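The sequence and structure are shown first.

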Amino acid sequence: MTTDFFNKKDSFEEQCKKFSELLELSRPVSEDVLFSAIHDEEYARQLIINKRIPSKFMKLLRNPPKVKSNHKSTHPHSNAELIKSAAVALIKWGKSGFTKVDAKTLETRENACLACPNMVDPGMVIQKIIPSHKISNKVGERTGKHICDLCGCQIHKKIQLISENCPDKHPELEGMTRWHEPI
Ligand code: SF4
């Protein structure tokens with residue numbers, strides 16, 4: 001894996017190729033497959049789990065779950081940067097075996113984001129492609145639909161993934177990110 005494997009500057013087509021590498025496919029997956037995998041974690045997980053079971057795998061590839069029409073309407077050209085960020089996060093997460101962080105790490109990360117000036121409202125344009133996400137006082141649900149202004153990722157998803165990093169330095173702790181993790 002090269003250091004620029006996860007490059008947000010890649011075209012959506014290039015992201016499809018990289019996702020297909022993860023699935024050990026010789027041809028790129030369709031844009032619909034990648035778009036559905038971005039929005040449906042369980043679909044993405046099933047693709048990985050079943051990649052060596054041809055009958056199940058082909059069925060999944062042929063039948064990506066439908067993304068709600070208001071999300072689909074932006075696919076793939078508008079909001080391209082956000083979609084590419086989400087694709088990069090998905091591919092990285094897949095490489096890590098779809099591992100999620102433990103409860104303590106999740107809480108620490110979420111607390112940091114809640115106190116961070118880079119946590120912003122998604123805004124009207126981006127909002128259209130972010131599936132509704134409930135907000136509550138429960139750990140993992142406290143950031144609602146907010147995004148990180150530095151990377152464009154949905155915070156509630158980003159903080160769960162072991163493969164993700166906070167893109168900002170901690171304002172006081174040298175060598176650490178705002179998540180209190182090494183840079
Ligand atoms: S990921 Fe880091 S920079 Fe982004 S909102 Fe959270 S703490 Fe702030």
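The questions and answers below go through the model topic by topic.

Guide: This is a predicted model, in which local features need pLDDT of at least 70, side-chain atom pairs count only at pLDDT 80 or more, and totals for chains, interfaces and linings use all residues. Residues are numbered from 1 along each chain as its sequence is written.

Visitor: What pattern does the protein follow, read along the sequence?
Guide: Helices (H or I, at least four residues) and strands (E, at least two) are DSSP runs, numbered from the N terminus. The protein has nine helices and two strands. Read along the sequence, their pattern is α-α-α-α-α-α-α-β-α-β-α.

Visitor: Over residues 69-78, how many contacts beyond four places in sequence does the model have?
Guide: Two residues are in contact if their C-beta atoms, placed from the backbone, lie within 7 Å. Where pLDDT is low, the predicted coordinates should not be read in detail. In residues 69-78 pLDDT stays under 50, and the number of such contacts in the model is 13.

Visitor: How many contacts beyond near neighbours in sequence does the stretch 124-129 have?
Guide: The pLDDT of residues 124-129 is likewise below 50. In the model, the contacts of this stretch beyond near neighbours in sequence number eleven.

Visitor: With which residues is F19 in contact, leaving aside its neighbours within four places in sequence?
Guide: F19 is one of the core residues that touch the most other members. Its contacts beyond those neighbours are V29, L34, A37 and I91.

Visitor: Is Q154 buried or exposed?
Guide: A residue is buried if 20 or more other C-beta atoms lie within 10 Å of its own, exposed if 12 or fewer, and partly exposed in between, with C-beta atoms placed from the backbone. Q154 is found in the loop between strand 2 and helix 9, and its C-alpha atom is 8.2 Å from that of A86, 68 residues apart along the chain. Because 22 other C-beta atoms lie within 10 Å, Q154 is buried.

Visitor: Is E24 buried or exposed?
Guide: Most residues other than glycine have a negative phi. E24, in the loop between helix 1 and helix 2, has a positive phi near 60 degrees. With 10 other C-beta atoms within 10 Å, E24 is exposed.

Visitor: What is the phi of H180?
Guide: H180 lies in the segment after helix 9. With 14 other C-beta atoms within 10 Å, H180 is partly exposed. H180 is not a glycine, yet its phi is positive, at about 65 degrees.

Visitor: How do the residues of the shell around the ligand divide into nonpolar, polar and charged?
Guide: A residue is near a molecule if its C-beta atom, placed from the backbone, lies within 6 Å of it. The ligand is surrounded by A112, C113, C116, N118, M119, C148, L150, I155, C166, P167, D168 and R178. Ala, Val, Leu, Ile, Met, Phe, Trp, Tyr, Cys and Pro count as nonpolar, Asp, Glu, Lys and Arg as charged, and the others, Gly among them, as polar. The division is nine nonpolar, one polar and two charged.

Visitor: Which residues are in contact with D168, leaving aside its neighbours within four places in sequence?
Guide: D168 is in the segment after helix 9 (155-158). With 18 other C-beta atoms within 10 Å, D168 is partly exposed. Its contacts beyond those neighbours are N118, L150, T177 and R178.

Definitions and conventions. pLDDT = per-residue confidence, 0-100. Core = buried A, V, L, I, M, F, W, Y, C linked by C-beta atoms within 7 Å.
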